[in-house]
Amino acid sequence: MKSDLLLENMTEPAFVVSDDRVVYASPSARYFLPELVPEEPVPDYLDIVKPRGEFSRGGLDYFYHRIDSAEGSMVLFWPKIQQVLTGWQVEGVIRQMRELLARMMLSGRTADGAFRRDFCQMFRLVDHMDFLYRASREDDIQFQPITMDLAGLCRRTMGEAAPLLHAAGVETQLEISCASMLISGDPELLQQMLYGLFSNGAKAVQRDGGQLYMRLRPLAGHALLTVSNVDSLGAEERMLSLVPDRNVDQPPRPEDGAGMGLAMIRHIAHLHGGAVLTERRGEQMVACVRLPTGPLNSRLQVRSPRMETGGGIPMVVVELSDVLPASVYEMEDFLE
């Protein structure tokens, strides 16, 4: 009776057990764990054998402290302080940010180029965060390979990016050693990878000068794609002797942004059975992507439509928004 009165007046979550049955639970304990019913067995998920420990219920983690006596055991518990974002919280953040961006896009039709560039930078950040979050969950990235011409994709992508990069003071040079190069690839993901490489290379050009070089050539059953702000012919040969993906993740420098671009590039390359090598010496940046060549398996697979997340904005002006000037976004039909 005394323990009942004590628990009834306690503000902390606590309950008493005896012979593996719940004797009494405080109002706060019943709020967190409604399964604590007097005279009922202790719920299976409550592993309270040790004097101190942890247990989980309903997606939440709890600490507990058990005090034994002749009448039974009193267990006090409290929720753990959350130290990392949960999966559903990340999904909620991304969803809400996309909704806010959609409102900004509708209200920003009369905004100046600086606002539109900031909008694209924010959209790019959300999109990359969404990509890496989905990549952390198995089979959550829509990977839809077809037999495609990588050389043609490189020419087309550079053709879209070169005039915009020229406006940013970045001159480009494209060298492809063959008319076509068949691979099994997802054109949309590979194009996003190319824009990411251009963005990283253009940042190096803006800091250190030079040109943005892009080279594509066949190599032992693979396609070797190199993007650099230096004449990288010698660098290619040196990098081929390096161990793929030897790089250890390091905190990005302030001028490098959020540090998600290279992680996306590597993931896209890995989806295609390839690898990425990067080398940085001072402000000189060389990135090599090696992808297997050859046509797609002849067996057809059912593919679901890819969800449109770009809101009608061209991918090139989003992915290059970190290096393009505000004047590029002054185009009248930019958000029309």
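Which residue in β10 is the bridge partner of Met214? The partner is Val227. The model is predicted: local features need pLDDT of at least 70, side-chain atom pairs count only at pLDDT 80 or more, and totals for chains, interfaces and linings use all residues. Residues are numbered from 1 along each chain as its sequence is written, and side-chain values use heavy atoms, with hydrogens and water left out.

Start with the strands around that bridge. Helices (H or I, at least four residues) and strands (E, at least two) are DSSP runs, numbered from the N terminus. Two strands pair if DSSP finds at least two bridges between them. Strand β9 covers residues 212-219 and pairs with β10 through seven bridges, in the antiparallel sense. The hairpin of β9 and β10 has two residues between the strands. There, Ala220 takes a positive phi near 50°. Strand β10 spans residues 222-228, and six of its seven residues are buried. Buried means under 20% relative accessible area, exposed over 50%, and partly exposed in between, with a 1.4 Å probe and protein chains only. β10 also pairs with strand β12, residues 284-292. Seven bridges join β10 and β12, and they run antiparallel. Leu224 has Arg290 in β12 as its bridge partner. Cys288 counts as buried because its relative accessibility is 3%.

Now turn to the open sheet. Five strands form it, in the order β2-β1-β5-β4-β3, with antiparallel pairing. Axes are lines fitted to C-alpha atoms, for helices over the stretch in contact, and angles run from 0 to 180 degrees between N-to-C directions. Strand β1 holds residues 14-18 and is joined to β2 by four bridges. These two strands run antiparallel. Val17 stands opposite Val22 in β2.

Most residues other than glycine have a negative phi. Asp20 is not a glycine, yet has a positive phi of about 65°. Asp20 sits in the loop between β1 and β2. Its relative accessible area is 65%, so Asp20 is exposed. Glu39 also has a positive phi, near 75°, in a residue other than glycine. Glu39 lies in the loop between α2 (27-32) and β3. At 58% relative accessibility, Glu39 counts as exposed.

Aromatic rings come next. A pair of aromatic rings is described by the distance of the centres and the angle of the planes. Rings of Phe, Tyr and Trp (its six-membered ring) pair if their centres lie within 6.5 Å; planes under 30 degrees apart count as stacked, over 60 as edge-to-face and the rest as tilted. The whole structure has 11 aromatic pairs. One of them joins Tyr195 and Phe198, edge-to-face, at 6.4 Å centre to centre and 75° between the planes. Both residues lie in helix α6 (residues 187-208), three residues apart, about one turn of the helix. Tyr195 and Phe198 are both buried. Elsewhere, Phe15, Tyr31, Phe32, Phe55, Tyr62, Tyr64 and Phe77 form one aromatic cluster.

How does α6 pack? Helix α5 (residues 150-167) packs with α6 at an angle of about 40°, with the axes 10 Å apart. Angles under 35 degrees count as roughly parallel, over 145 as roughly antiparallel, 65 to 115 as roughly perpendicular and the rest as oblique. α5 and α6 are therefore oblique to each other. Their crossing is right-handed. A crossing is left-handed if the near helix is turned anticlockwise from the far one by less than a right angle, and right-handed if clockwise.

The axes of helix α4 (residues 113-135) and α8 come within 10 Å and cross at roughly 45°. That makes α4 oblique to α8. Here the crossing is left-handed. Leu262 is placed in helix α8, residues 261-271. Leu262 is partly exposed, with a relative accessible area of 26%. Its C-alpha atom is separated by 9.2 Å from that of Val276, 14 residues apart along the chain.

Last, the cysteines. A disulfide is a pair of cysteine sulfur atoms within 2.5 Å. The structure holds zero disulfides. Cys178 is in none, and the nearest cysteine sulfur, that of Cys154, is 9.5 Å away.
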